[in-house]
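This report goes through one structure, from helix packing to the sheet and then to single residues. The sequence and the model come first.

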Amino acid sequence: MAAMDGAPTDRDLAAIGLLQDPVRRALYEHVVAAGGEVSRNQAAEAAGVGRGLAAFHLDKLVEVGLLEATFRRLSERRGPGAGRPAKLYRRAAGEVAASLPPRTYETAAHLLAETVEQTGADLELQAAARRAGVRAGRRQPREGGPAVERLLAARGYEPYRDGAALRLRNCPFANLSGEFPVLVCAMNLSLIEGLLEGVGEPPGRAVMDPAPGRCCVAITSKDNQD
Amino acid sequence: MATHHLAQVNIATLRYPLDGPELAGFVAQLEPINALADAAPGFVWRLQTEDGDATAIRPFDDERVMVNLSVWSSLETLRAFVYASRHLGVMRHRRAWFTRVADPYLALWWVPAGTIPTVAEAKRRLQVLASSGPTPAAFTFRDPFPEPAGASR
């Protein structure tokens with residue numbers, strides 16, 4: 001379960017090495033930013049390369065576990081003449097992580113979370129997360145666009161606009177929140193409330209709005225403080 | 001049609017009286033969250049009195065202990081309601097309202113579709129989980145067991 005529980009595997013190192021190539025990096029980032037399934041043509045166009053080259057690199061990314069491939073018909077047509085299903089790519093669910101020297105923070109995090117859960121120290125954890133968020137928010141430079149969005153992007157949340165709201169495509173705590181959802185999602189919300197407070201925004205803009213395939217927190221345009 | 005449904009029981013010990021100011025946030029969420037459950041995909045049944053909730057049911061010697069007992073079509077639908085709906089936001093405040101008591105506070109088990117568990121049965125399942133750990137007779141979200149054989153899905 002924990003991706004980062006020891007020395008990096010050959011596969012992890014191969015995956016990271018693969019992203020050094022600018023074309024592969026561009027293809028990977030396009031698929032990630034799309035937030036769903038992407039066809040070879042779409043990826044090729046976004047990266048500015050030919051379809052054949054894109055296909056070659058996309059399949060390499062599948063091989064090392066950074067992307068997953070599925071086959072699906074894109075048109076409504078069925079039967080003869082419908083054509084064969086298109087190969088579509090999306091980000092793989094698994095994690096790739098490498099730390100040198102080896103660091104096993106994931107193991108430590110699970111043990112600490114288990115202990116907080118056992119002792120019922122949810123509120124203390126939320127208070128610590130809020131303070132950490134405020135500190136990080138205050139350090140964020142004011143220039144260069146919306147501070148919250150840049151801060152969330154830098155912290156790996158992958159924010160994207162959804163109408164007036166800001167949603168977060170990635171849960172930076174995915175393994176931990178899967179095992180301790182109440183504890184960790186509440187910690188995460190407190191952290192983001194703190195980030196908002198730190199950059200001078202109303203903390204009440206952060207709300208719990210869980211849905212499959214994204215972070216449990218959303219940033220609304222208005223203050224929802226109760 | 002699945003031949004079995006999933007029963008869940010969880011218990012919580014009130015930190016303060018239910019009608020006091022400390023629990024006002026919890027009480028305010030009872031109706032909307034119960035309505036959310038009733039309309040959730042996979043919801044089958046929940047324990048309730050004529051008040052529409054189960055807060056008046058105190059089946060333990062310690063009368064601060066409240067019980068939540070429900071039946072769902074599958075583990076996935078129950079998990080989606082508990083952890084991936086507005087219910088999650090309410091549980092954020094659980095330690096402001098309830099004390100952390102000894103494990104286990106939640107048990108899951110499969111029941112033949114169409115049957116409804118009793119509170120006595122639910123108490124027994126919690127005891128089984130406490131004494132035997134997760135087994136098909138009583139398990140948890142972290143250590144689930146599949147629907148018994150005979151299922152058609």
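In chain A, the axes of helices α6 and α9 come within 6 Å and cross at roughly 30°. Axes here are lines fitted to C-alpha atoms, for helices over the stretch in contact, and angles run from 0 to 180 degrees between N-to-C directions. Helices (H or I, at least four residues) and strands (E, at least two) are DSSP runs, numbered from the N terminus. The crossing of α6(A) and α9(A) is right-handed, a crossing being right-handed if the near helix is turned clockwise from the far one by less than a right angle, and left-handed if anticlockwise. By class, the contact of α6(A) with α9(A) has 12 nonpolar, six polar and seven charged residues. Ala, Val, Leu, Ile, Met, Phe, Trp, Tyr, Cys and Pro count as nonpolar, Asp, Glu, Lys and Arg as charged, and the others, Gly among them, as polar.

The model is predicted: local features need pLDDT of at least 70, side-chain atom pairs count only at pLDDT 80 or more, and totals for chains, interfaces and linings use all residues. Residues are numbered from 1 along each chain as its sequence is written, while chains are lettered from A and ligands numbered from 1 in the order in which they are written.

Between the chains, 15 residues of chain A are in contact with 13 residues of chain B; two residues are in contact if their C-beta atoms, placed from the backbone, lie within 7 Å. On the side of chain A that touches chain B, α6 (122–139) and α9 of chain A each supply at least two residues. With five residues, α9(A) gives the most to that side. The residues of the side of chain A that touches chain B divide into 11 nonpolar, two polar and two charged.

From α2(A), V23(A), R24(A), L27(A) and Y28(A) meet A54(A), H57(A), L58(A), K60(A) and L61(A) of α4(A).

Chain A also has an open sheet of four strands in the order β4-β5-β7-β6, with antiparallel pairing. Strands pair if DSSP finds at least two bridges between them. The edge strands, β4 (159–162) and β6 (206–208) of chain A, each pair on one side only. The twist averages 35° from one strand to the next. Four bridges join β4(A) to β5 (residues 165–168) of chain A, and P159(A) stands opposite L168(A) in β5(A). Two helices pack on this sheet, as the table shows.

| Helix of chain A | Strands of chain A touched | Angle between directions |
|---|---|---|
| α7 (residues 147–154) | β4, β5 and β7 (217–219) | about 135° with β4(A) |
| α9 (residues 181–198) | β6 and β7 | about 170° with β6(A) |

Some backbone details remain. β4(A) and β5(A) form a hairpin with two residues between them, and G163(A) in the turn has a positive phi of about 65°. E158(A), in the loop between α7 and β4 of chain A, has a phi near 55°, a positive value in a residue other than glycine. L100(A) and P101(A) are joined by a cis peptide bond with omega about -5°; P101(A) lies in the loop between β3 (86–91) and α5 (105–119) of chain A.
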